[in-house]
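Have the viewer open as you read along.

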Amino acid sequence: MSPPAVEVWPELEKAELLARGAALKWASGVFYRPDQLERLAQYRKRESQRTSTIHSRLKVNIMPLREKAANQADLPSFSLSFSLSLSVVDTLERLREVASEHERLRTAVSNLPRLCSVPTVVSETQHLIESRQLLEAHAKLMELERWQDDVHWQLHRVRGGKPSPEEEALVLSYFSGVPQLSKALSRELWAVIGSGLALARQDPVPFVSAVRIIEREEAMDRAFLEQQAASSRTLPPGRPRQWRARFFSVIEEAISTRFRATYLDVRGPGLASHLSALQNSIMSDLTTTKHLLEQCCPPHYCITRAYLLRCHKCLWAHLQQVISWELDSSEIFAVLNWVLHVYHSPQMMGHPDLCSEVEPDDLGPLISQEALEQLQNKYVNTVRSSVSEWMHKALEVELTDWQRDQKPDTDHEGFYHTSLPTIITQMLEENARVALKISEALRDQTIYMGLYELESFLSRFRDALVNFGKDHQKDRTSPKYYLHYLLAAINNCIVLKSSIESLEQQQSKPCHFNRTHPGPQVALERAIKRGCHLVIDELLLEVQPQFLLVLCRSWLEDGKPLDMLCGAVEQQCDLYSHVREPCQELLRVESQWVLVVEYVRALMQKRMVCRSAEERGKLANRMAQDALQLQELFQTTVKRDNSIHSTETLTALLPALAEIIHLKDPSMLTLEVSGLVAKYPDISEEHISVLMDIRGDVPREVRGTVLDMLEQSAPPLPPGYRPVFTNILVPPPSMSFCLPTVKCA
């Protein structure tokens, strides 16, 4: 048997309609009658009592039904009772919806005063922000945000979940001015924080207020996070704000802005002034932070340490941009000196007041080691360009000086000189001295660079000397003081040699050159030798015309050619007194050597062949007299004892040759020649043959014996021996002209 159909009570439907109508009427009355707002507490109490009464009645009605259902034994009766219970449950569900709607209406009524006052509070808060009454403005803003959070939470609680989009939009429309207030307050807040140093010196109240607001916000962030962790309550929009972290970011931005505002016009000479101003500005700010701003912040802010670290960070970024520019040597020096010596000095980050706040290792380097090395290399290369340019200009000035129509200047010792060594020496010494202010390593790099450039310069200087000599040979009247400036050039090289030695002694480690770049000392020696060769070449050009007149028959009667020759040599040797040692003595010895070699060369031309023993005696005697005259000349020009000994050895050659010519018995030539070869082992068979030709009386057998002896002996040159005859060419023997006899047809 099927259970009877459940009858729906008309009274329930009527009761539900009546309840909804009453609720709507009640809510409408509250919304449209402002005077009813004073009786909100009474309404709330009355509705609570009604809700309790309804729940009590429901319990009274349901309990008998449950007891009756339990005591019913027959199934039809139980089914009927169960159907009645389901009907009651449906009725309760409808009552619950009515109660929920009632709760929403009650919530709206309770929040209505706040919602109505929101525009007024927003306007008041905006006015407080504009007048920089930040604490009061922040209190108002907190109140508005709390109202908004309460409304959201109540909607969430009533709905039992997230409110609908329409409800969210409605709430946001009521509180639409709150986000703009928050942004306006934060702008003013960060403006105050950004100008904190200036405010600390003048009026720290705004800064203190800003810090208090930040601490309030930090406390609210922590509270909301704790609520979220405890009850899974969603965070309000924009939370957590983390204004304390933003505080330090604004400090860093303010520091960076101070740098950016001043470095736009610091190129060129202004960079050193900029770095100096930067030092003063930073130290002034740090002093203000240490003694004033630190009193305005909580201790856990560690504001001085924070300012130091952020200042260091901004400086690092600023210098990275500075060193990326195309800097000249003075700008690079200013940066290196500031980074390596000024920044960590007691006048800046090493100041006693700051050492307690942060360790130097915590700051780290302003420039990395790699960037520092690159900057130092860039400095050296920049100085290299400057040095090379100055050396080119100095050489141009030197070449101009060589063409002057007046003698070169002399120093206090009477030595010729020009401005060249002074310019070069001062430039290299100054660069080394400046580089030492940075570090010894940079000084060593700079000295090595200077020596390398000096080597290139000396090579160009040597080429200039060669061209100078070639131009003079084309026109020996120009320049007028050619020899004088050659001697000045030699003196300049000697002075530069002392400068090179001084620079090399300053280095921590000696320079290592290679075959490609043998070093300035080698280049200097080559330049000095070339200058000395040109001087001797000039002497040769002077004496060679005189040597064309000696060792001939007219010369036996007239001794004027040798007198004129000695006068020219003595005049040029007097100029050697204006040359520094050791080149002065070297030129004197070389001059004597040239005279003897040219005399022997003239003898080997066989301008005179003796016809009798009388002529051989005259020739030998005249050669002996010439040897004495040359020896007297050499002794007056040479000052050192070892050089005098060398000249005696050199002039002894002429009497030895004269003895071979004067020897009365040709058969004794073998003995005389062997003695001559022992003293001068570079003499050849051709030279001995010419001497025998000059004698004019040597039999063929004796000639063959002498030449055979020479061929068999041929002693090697001893160590340190300077050849005399090697560069003296012997004219080829004259061949008798003859034609073979042939039969004519």
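## T410 and its contacts

Leaving out residues up to four places away in sequence, T410 touches F415, Y416 and H417, where contact means heavy atoms within 4.5 Å. T410 sits in strand β1, residues 409–410; strands (E, at least two residues) and helices (H or I, at least four) are DSSP runs, numbered from the N terminus. Its C-alpha atom is 8.1 Å from that of H578, 168 residues apart along the chain.

T410 is partly exposed, at 41% relative accessibility. On this scale, buried means under 20% relative accessible area, exposed over 50% and partly exposed in between (1.4 Å probe, protein chains only).

## About the model

This is a predicted model, in which local features need pLDDT of at least 70 and side-chain atom pairs count only at pLDDT 80 or more, while totals for chains, interfaces and linings use all residues. Residues are numbered from 1 along each chain as its sequence is written, and side-chain values use heavy atoms, leaving out hydrogens and water.

## C314 in helix α11

Is C314 buried or exposed? With a relative accessible area of 7%, C314 is buried. Its place is in helix α11, residues 303–323.

Not counting residues up to four places away in sequence, C314 touches E252, I255, S256 and F259. T257 is 57 residues from C314 in sequence, with 9.3 Å between their C-alpha atoms.

## E711 in helix α28

E711 lies in helix α28. At 55% relative accessibility, E711 counts as exposed.
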